[in-house]
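This briefing concerns a predicted model. Please consult the sequence and structure shown below while reading the notes that follow.

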Amino acid sequence: MNAIRSVVRGVGAYLPARMLTNADLALMVDTSDEWIVQRTGIRTRHIAADNEVTSDLALAAARAALADAGLGPGDIDLIVLATSTPDNTFPATAVSVQAGLGITHGAAFDLQAVCSGFVYALATADNFLKSGAYKRCLVIGAETFSRILDWSDRTTCVLFGDGAGAMVLEAMDGADGRGVLTTHLRSDGRHKNKLYVDGGVSSTRSVGFLRMEGREVFRHAVGMIADVITDAFDATGESAQTIDWFVPHQANRRIIDASAVKLGIAPEKVVITVDQHGNTSAASIPLALAAAHADGRIKKGDLVLLEAMGGGFTWGSALIRW
Ligand code: UT7
């Protein structure tokens, strides 16, 4: 019996034109290129223009993903957009993307799981497609974290960047082994004060700034990432040896390297963009996927492992036969 699978039809990305280097940051706060590179692996990041909002980035990434898929907006009947930096408190940023694409059918909504947002959105879309409720979904991660950074706090402002990535998923019967093979989502709200924004609609009627106990987040990250990847391997019988590509959330090069070592994933299988993008939260995985697809690394039939961990804490993994 054939089961419906969510198959990747295309991916796309958008990065704002303006770049902010470590040297630029050293003129703003007491930091150095050496410290940032050594502690995080980040060299530069993109920052949205004053007149660019999250939906502008998301729309550009969505158009790129549709072009890569060889599909038009009319083919899409679901948009799931992961962001922690929406254009407005409401409506959802996803409906701005829907309107921008000229889509008037189907559904569009936002989802918020901070840096794990893309994996959460992928799992959500996968379940809607597998159930037969929708046929083709744009899964988007889009962020303008520059708007919630305290630019006087060197412990956080050097870490993040803006950007968007998108994926087109299609429900296929008899997908020939391709598609999303498994997804695993976790959260533990006891850690919610270790990475948060100190404002919000219902608490302060304002937006607030990102606050993080970096060392505490770091301390938990590798173990959580390893656990949820082990879940993905256990569910599918795949392993560090059988995957072709590991595309982790891009927060810190040291966390990525330590996770790969702990899981026995060979360094040449690891896709790294944190050096160029910084941490773009929900956008980081689709940005990295789009980069590795565009340069010919990720090809049809490859086994691709995704993972993310972030505020909440939230964390999750996905295994995709491309
Ligand atoms: O995407 C969501 C998940 N988020 C993450 O994964 C982030 C996880 N955390 C991290 O990536 C790391 O903890 C950081 C990169 C944030 C910090 O690295 P660290 O090795 O944990 O450094 P630290 O916080 O222990 O700070 C070490 C020192 C401190 O000085 P003292 O107390 O030893 O004198 C900091 O004040 O480095 C200082 N420091 C800086 N120095 C220069 C902190 N930020 C900076 C900076 N430039 N930007």
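Which domains does the domain assignment of the protein give? The assignment lists domain 1 (4–175) and domain 2 (179–321). Their C-alpha centres lie 14 Å apart, and the contact draws on 51 residues from domain 1 and 48 residues from domain 2.

**Interface between the domains**

- The area buried between domain 1 and domain 2 is about 3800 Å², and carbon and sulfur atoms give 67% of that area.
- Between domain 1 and domain 2 the count is 1 salt bridge.
- Across this interface, 17 residue pairs are in polar contact, both residues being at pLDDT 80 or more.
- On the side of domain 1 that touches domain 2, at least two residues each are supplied by E1, helix H2 (33–40), strand E3 (44–47), H5, strand E6 (136–144) and strand E7 (162–173).
- E1 provides the largest share of that side, with 8 residues.
- By residue class, the side of domain 1 that touches domain 2 comprises 26 nonpolar, 15 polar and 10 charged residues.

**Arg-9 and its surroundings**

- Arg-9 belongs to strand E1 (residues 4–14) and is partly exposed, its relative accessible area being 30%.
- Apart from residues up to four places away in sequence, Arg-9 touches Asp-68, Ala-69, Leu-71, Arg-136, Val-168, Glu-170 and Met-172.
- The side chain of Arg-9 reaches the backbone oxygen of Ala-69 at 3.0 Å.
- A network of salt bridges links Arg-9 with Arg-136 and Glu-170.
- Between Arg-9 and Leu-195 there are 186 residues of sequence separation and 34 Å in space, C-alpha to C-alpha.

**Salt bridges**

- In total, the structure holds 11 salt bridges.
- Asp-150 and Arg-211 meet through their side chains in a salt bridge, at 3.0 Å from N to O.
- Lys-130 forms a salt bridge with Asp-126, with the closest N and O atoms 3.2 Å apart.
- These two residues are 4 residues apart in helix H5 (residues 117–130), so about one helical turn separates Lys-130 and Asp-126.
- Lys-130 is partly exposed at a relative accessible area of 37%, whereas Asp-126 counts as buried because its relative accessibility is 1%.
- Glu-216 and Arg-219 also meet in a side-chain salt bridge, at 3.0 Å from N to O.
- Glu-216 and Arg-219 are 3 residues apart in helix H7 (residues 214–236), and therefore about one helical turn separates them.
- Arg-219 counts as exposed, with 57% relative accessibility.
- In the salt bridge of Arg-253 with Asp-257, the closest N and O atoms are 3.1 Å apart.
- Arg-253 and Asp-257 both lie in helix H8 (residues 253–263), 4 residues and about one turn of the helix apart.
- Arg-253 is partly exposed at 36% relative accessibility, and Asp-257 is partly exposed with a relative accessible area of 33%.

**Backbone features**

- Most residues other than glycine have a negative phi, and most peptide bonds are trans.
- The peptide bond from Phe-90 to Pro-91 is cis, with omega near 0°.
- Pro-91 is placed in the loop between strand E4 (78–82) and helix H4 (93–101).
- Gly-312 and Phe-313 are likewise joined by a cis peptide bond, with omega about -10°.
- Phe-313 lies in the loop between strand E12 (303–310) and strand E13 (314–321).
- Arg-205, a residue other than glycine, has a positive phi near 60°.
- The loop between strand E9 (195–197) and strand E10 (210–212) contains Arg-205, which counts as exposed at 80% relative accessibility.
- Ser-281, also other than glycine, has a positive phi near 55°.
- Ser-281 lies in the loop between helix H9 (274–277) and H10, and counts as buried at 1% relative accessibility.

**Ser-284 in helix H10**

- Ser-284 lies in helix H10 (residues 284–294).
- Is Ser-284 buried or exposed? Ser-284 is buried, because a relative accessible area of 2% is under 20%.
- Leaving aside neighbours within four places in sequence, Ser-284 is in contact with His-249 and Gln-250.

Note on methods
Residues are numbered from 1 along each chain as its sequence is written. This is a predicted model: local features need pLDDT of at least 70, side-chain atom pairs count only at pLDDT 80 or more; totals for chains, interfaces and linings use all residues. Side-chain values use heavy atoms; hydrogens and water are left out. Buried means under 20% relative accessible area, exposed over 50%, partly exposed in between (1.4 Å probe, protein chains only). Contact means heavy atoms within 4.5 Å. A polar contact is a pair of N or O atoms within 3.5 Å; within protein, one must be able to donate a hydrogen and the other to accept it, and residues adjacent in sequence count only if both atoms are side-chain atoms. A salt bridge is a side-chain nitrogen of Lys or Arg within 4 Å of a carboxyl oxygen of Asp or Glu. Domain bounds come from an automatic or database domain assignment. Buried area is the accessible area (1.4 Å probe) that two parts lose on being put together, summed over both. Ala, Val, Leu, Ile, Met, Phe, Trp, Tyr, Cys and Pro count as nonpolar, Asp, Glu, Lys and Arg as charged, and the others, Gly among them, as polar.
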